[in-house]
Amino acid sequence: MTQLPSTEFHPRWYREPVSTYWWIGSWRYSLFILRELTSVAVAWTVVMLLFLLRALLSGPDAYTRWLHRMQSPVLIVLNAIVMCFLLLHTITWFNLAPRAMPVRVNGKRVPEVLVAAPNYGLWVVASVVIAWFVLRTS
Amino acid sequence: MADKIVLEIARYAPEKDEKPSFQSFEVPFRKEWVVLDALNHIKDKMDGSLTYRWSCRMGVCGSCGMMVNGEPKLTCATFLSSYGNGAKVRVEPLRYFPVIRDLVTALSDFLVKLQSVKPWLIRHDDVPLSAGEYLQTPEQLDLYKQFSMCINCTLCYAACPVVGLEPTFVGPAALALAQRYNMDNRDQGAEERLGLLAHPEGIWGCTFVGECTRVCPKHVDPAGAIQQYKLKAALEWVKGFILPRGHEDAGKEVRP
């Protein structure tokens, strides 16, 4: 038996190293990493909006050029993926709301669904208003 | 194979092993047996050197937490029948903790973290004992009761990747316990604890993976507690930013 460093009261402890790929084995951890990556999609969308704003302010020609550029298949595919990430971001954010803000009425905690529901409601209303505005002008 | 189940158990003897290895034991498959019963069967009948912690056998003491098929579980509440007759079940010590022997983990680090959040009633006034007890209504109790149900089984630490990646992170159970005292109307130490915990190794270390809440056998919801704590910390920061300085002295008696 080889003598390994240990003392009577401080035995040698084994520490399992954490793999860089710890998040791959379980879908829950993978989903968490995907959720964290949604921040990149949010940043991308903000930059795209800024470019849209610049094109709008530069006049009709610049705006048409921007629209044309956005029609490239690469950007359409990329933006479709970004859209999926944004949806994941929004849903996970709304589901967080009732956890971070426990609402109490008459001393009783309101069910989590009821706290999350107004968020989803406002999301739908905002989407409908924007859709109506966009479709009306085109 | 009739009415048998195989337990693959992580074995580690610090005096001779470099790292843990697995040893298989075939045990009877009985529908009323939990994983802990199977471990006791092995220790009694097959290998007395198998080392693990357990005490109450009824989900209260929090001693028998282990990884069962990669999931943090109280082995006294995990039935063999949920894995099926003839199945292979892997039993390992709780993840991210240093292993002392076989399935026993070192808790000293956790205990230091637990104490660091000052989990006791902090009072600034010195009320004499003769003044009687602090009264609390059922509604006031209800505000923190959920967070007080923790049994320190440390399953939440084994479920939290931040604990594994950042060993200095205070962790789910300790932060939930801090929130338990913050929300107790008898306590006056919320500000003191906020100073200790509103830093990257405290509440801001949590990335809300949410697994701590899912594995908690007592439905404490540490993830919820930490998010509520974050919200409070953020509001306090905004308040400190907006409100004029000197408000600490407001209401204090001024003597000439």
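Trainee: Among contacts in chain B between residues at least 6 apart in sequence, what percentage join residues at least 24 apart?

Mentor: Bear in mind that this is a predicted model. For chain B, 67% of the contacts between residues at least 6 apart in sequence join residues at least 24 apart. Chain B has 256 residues, of which 39% count as buried, and its C-alpha atoms fill a box of roughly 85 × 40 × 30 Å along the principal axes. Its secondary structure comprises nine helices and seven strands.

Trainee: How is chain B divided into domains?

Mentor: Domain 1 covers residues 4–105 and domain 2 covers residues 108–242 of chain B. Taken over C-alpha atoms, the centres of domain 1 and domain 2 of chain B are separated by 30 Å. Contact between the two involves 13 residues of domain 1 of chain B and twelve residues of domain 2 of chain B. On the domain 1 side, β3 (65–68) and β4 (71–74) of chain B are the elements that give two or more residues. By class, that side of domain 1 has nine nonpolar, three polar and one charged residues.

Trainee: Why are β2 and β4 of chain B said to stand at the edges?

Mentor: The open sheet of five strands in chain B has the order β2-β1-β5-β3-β4, with mixed pairing. β2 (21–28) and β4 of chain B each have a single partner strand, so one side of each lacks a neighbour in the sheet. From one strand to the next, the twist averages 35 degrees.

Trainee: What do β3(B) and β4(B) form, and how many residues lie between them?

Mentor: They form a hairpin with two residues between the strands, and Asn69(B) in the turn has a positive phi of about 50 degrees. Met67(B) has Pro72(B) in β4(B) as its bridge partner.

Trainee: Which strands of chain B does helix α1 of chain B lie across?

Mentor: Helix α1 (residues 35–46) of chain B lies across β1, β2, β3 and β5 of chain B, and runs at about 95 degrees to β2(B).

Trainee: Why is Gly202(B) called buried?

Mentor: The cut-off for a buried residue is 20 or more other C-beta atoms within 10 Å. Gly202(B) has 26 such atoms within 10 Å, and is therefore buried. Gly202(B) lies in the loop between α7 (190–197) and α8 (211–215) of chain B. Setting aside residues up to four places away in sequence, Gly202(B) touches Val170(B), Leu175(B), Leu196(B) and Leu197(B).

Trainee: Which residues touch the most other members of the largest nonpolar core?

Mentor: They are Cys156(B), Tyr157(B) and Leu175(B), in a core of 64 residues. Elements that give two or more residues to this core include β1, α1 and β3 of chain B, and α6(B) supplies the largest share, seven residues. Domain 1 and domain 2 of chain B each contribute at least three residues to this core. Not counting residues up to four places away in sequence, Cys156(B) touches Pro172(B), Ala173(B), Cys212(B), Val215(B), Cys216(B) and Pro222(B).

Trainee: How many residues does each chain bring to the contact between chain A and chain B?

Mentor: Chain A brings 21 residues and chain B brings 26 residues. On the side of chain A that touches chain B, α1 (27–57) and α3 (73–100) of chain A each supply at least two residues, and α1(A) gives the most, with four residues. By class, this side of chain A has 13 nonpolar, two polar and six charged residues.

Key
Residues numbered from 1 in each chain as written. Chains lettered and ligands numbered in written order. Predicted model: local features only at pLDDT ≥ 70, side-chain atom pairs only at ≥ 80, totals over all residues. Domains from an automatic or database assignment. Contact = placed C-beta atoms within 7 Å. Nonpolar A, V, L, I, M, F, W, Y, C, P; charged D, E, K, R; others polar. Buried ≥ 20, exposed ≤ 12 C-beta atoms within 10 Å, placed from the backbone. Pairing = 2+ DSSP bridges. Axes fitted to C-alpha atoms, helices over the stretch in contact; angles between N-to-C directions. Core = buried A, V, L, I, M, F, W, Y, C linked by C-beta atoms within 7 Å.
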